[in-house]
Structure formats: C-alpha cells, structure tokens
Amino acid sequence: MDLKEWRRLAVQSVFLFLMVLAVGIFFSGHQSENSGNKIQAAAKKEEPIAETAESGGEEKEAVIAVQKTVKTAAKKKKQTVKSAKKKEYKHVIVLDAGHGGMDEGTVSVDWKYSEKNYTLTFAKRLKSMLEEKNIKVYLTRTEDIDMTKKARVAMANRVKPEIFVSIHCNAAEEWERSADGLETLYSEKKPHYGRISNKKLADILLEELVKASGREKRGTIVREGLYLLRHSEVPTVIAEVGYMTNASDMQFLLSKSGQDMLVKGLYNGILKALGEKKA
Ligand SMILES: [Zn+2]
C-alpha cells in the first residue's frame, strides 16, 4: 500500500465512524423522545387517576350492577331455552287430512268441491292453532299428495301421539241427500295405550264440534272395519265434519264462518281430550 491508499482508507474509516455515530445519535434521540412522550402521558394521566380513586366506590357499584345484569340475562336465557324445550313437548298429536292426490274423497253434488281439500285446510289450520298452545302436531300430509291408509297409520304408530285424529267429510247415496250433520267414528275392539279411550275421544270431539258449529248431532258410531281404526295403536277417532252431498251442510262447509266454526270445534275437542280444557 502506498501513501495515497492509506489516506483514502483513513478518510473512508472516518466517514464510516461518523456515519455510525450519526445513526447512533439519531436512534438514541428517538428513544428518548418516546420515553419523553411516555412521561408526558403519565403526567397527563395523573389527574384522571386521582379522580378515579375518588369515585372508586361508585365505579365498583357500577361494575357489580353490570355483573348482576349479565348474570340475570344468562339466567333468563337459560329459562327461555328450558321453557322452549318444554313448549315443544307439552303434548304430541297426529292429525290426518283424509284422502289426497288422485284420491279426491267424496265430492259435492255439482262435482266442484273435493273432500281432500277441506280435510287438508282444516288440518293445517289446526296445526298452527295448536302449536301456539305448545302442542306438537304432526300431519300425515301437508300437500295434495297420494298417501295410503297404511302409511298414515304407520306414521301414527311410529310417533305414538296422545291422540290421532283423522278428518273427513261425509257422503250419502243419491236417495239420502237429506242426511246431514256431524259424526265421529271409533273402534271399541282396538286396544289403546294412551291417556284416553277411543270412545271418550269420539264423544268429546263430537260434543265440541256440535257446540261450536250448531250443526246436526248424528252421533258417535262404532266402526270396526275401517283400516285406520283397525290398525292404529293409539287413541284414534275419525271426525266427519259434514255431508258434502247435503245442500245445507255443503253451504256451511263452503262458508268462511262455517269453516271457522268446524275448526274451532275440532280445536276445542282436541284441547279437551288432552286435558288442556275443562270438561
Ligand atoms: Zn273421507
């Protein structure tokens, strides 16, 4: 190395040293600025801290109040969940809307109206009314579809409801067009494992249907040959809510007020059979 090179190296070293020094000063300055801020912030906080210390009692009370509110809310939520569960299982019933799909059931004399539509309308209305009363209602069908009697009974036997109510409209031969009114059908032979006998269920339903609608009381009728009654293993009734072959009954079935009354009768009868309404 000659002298020139030594000088260059010396200059470079000094430059590097100055750079390192400058960087060091910059950072230490920055740091002290930060700590300066911290100190300032702490100084600023001092006043409020004193205030908090003074109002500490109040704050403590407020905290306790909030804790209580949270606890109460949690308790309420728990209760709501509990009651919702209870709501769902107060009673379970199965409603059967007679006929459906290709099976029109009986039809009005003018062929304009089909039984399958009335039974479905009634069943759906009853479901929404009864579920407001914490009664779980299973419908054998919710649409205009074909369904065998076997499938309907199988559903009832599987669900094991407290009661199984099948809704139908009646029909009479041409020479019996005067036949009108309400009937409930039941089996005496078929054993039941529920809270109520088939006969009692049929009696209650007929009574409430008549009370609500004021239509002709034809009576409770024993029918041992009907598939539904023969195969059901739960308290079962078939409710015949009017004769579609009778002019007066048909008019009643067509009217909004008539439908309301029949639905109300079935509703009251079901509640009574479940022990939800006084006898
Ligand atoms: Zn029918």
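## Close-up views of a predicted model

**Figure 1. The largest pocket and its lining.** In this predicted model, 20 residues line the largest pocket. His99, Lys149, His168, Leu226 and Ile238 lie nearest its centre. The volume of this pocket is about 340 Å³. Which elements supply at least two lining residues each? They are helix H4 (149-159), strand S3 (163-170), helix H6 (227-231) and strand S6 (236-243). S3 gives the largest share, with four residues.

**Figure 2. His99, beside the pocket centre.** His99 is among the residues that lie nearest the centre of the largest pocket. Its place is in the loop between S1 and helix H3 (115-131). Is His99 buried or exposed? Its relative accessible area is 17%, so His99 is buried; the cut-off is under 20%. The backbone of His99 also deserves a look. Its phi is near 65°, a positive value in a residue other than glycine.

**Figure 3. The whole fold, from end to end.** The protein has 279 residues, and 35% of them count as buried. It contains eight helices and six strands. Along the sequence, they follow the pattern α-α-β-α-β-α-β-β-α-β-α-β-α-α.

Figure 4. Zoom in on Val241. Residues up to four places away in sequence are not counted here. Val241 then touches Phe122, Ile167, His168, Cys169 and Leu182, among others. Its list of contacts also includes Leu209, Leu253, Leu262 and Leu266.

Figure 5. Which residues of H4 are buried? Arg152, Val153, Met155, Ala156 and Asn157 are. The buried residues of H4 pack against strand S1 (91-97), strand S2 (135-139), S3 and H6. Just after H4 comes Lys160, with a positive phi of about 55°. Lys160 is a residue other than glycine. Lys160 sits in the loop between H4 and S3. Its relative accessibility is 62%, so Lys160 counts as exposed; the cut-off is over 50%.

**Figure 6. Ser166 in strand S3.** Ser166 has its place in strand S3. Why does Ser166 count as buried? Its relative accessible area is 0%, and buried means under 20%. What does Ser166 touch, not counting residues up to four places away in sequence? The partners are Asp96, Leu228, Val237, Ile238 and Ala239. Of these, Ile238 is also one of the residues nearest the centre of the largest pocket.

**Figure 7. Arg230 in helix H6.** Arg230 has its place in helix H6. At 42% relative accessibility, Arg230 counts as partly exposed. Leave aside its neighbours within four places in sequence: Arg230 is in contact with Lys190, Glu224 and Gly225. Now find Tyr186. Arg230 and Tyr186 are 44 residues apart in sequence. In space, C-alpha to C-alpha, they are 9.3 Å apart.

**Figure 8. Asn268 in helix H8.** Asn268 has its place in helix H8 (residues 256-273). With 11% relative accessibility, Asn268 counts as buried. Which residues does Asn268 contact, leaving aside neighbours within four places in sequence? They are Glu208 and Lys277.

Figure 9. The mean pLDDT of the protein is 81. A value of 70 or more is reached by 68% of its residues. Over residues 29-59 the pLDDT is below 50. Beyond near neighbours in sequence, this stretch has one contact in the model. Over residues 79-86 the pLDDT is also below 50. That stretch has zero contacts in the model beyond near neighbours in sequence. Where pLDDT is low, the predicted coordinates should not be read in detail.

Technical notes: Residues numbered from 1 in each chain as written. Predicted model: local features only at pLDDT ≥ 70, side-chain atom pairs only at ≥ 80, totals over all residues. Heavy atoms only, no water. Contact = heavy atoms within 4.5 Å. 1 Å grid on protein atoms, 1.4 Å probe; cavity = no way out; pocket = protein on both sides within 12 Å on 5 of 7 lines; lining within 4 Å. Points joined across faces, edges and corners; volume = space filled by probe spheres on them. pLDDT = per-residue confidence, 0-100. Buried < 20%, exposed > 50% of the residue type's maximum accessible area, 1.4 Å probe, protein only.
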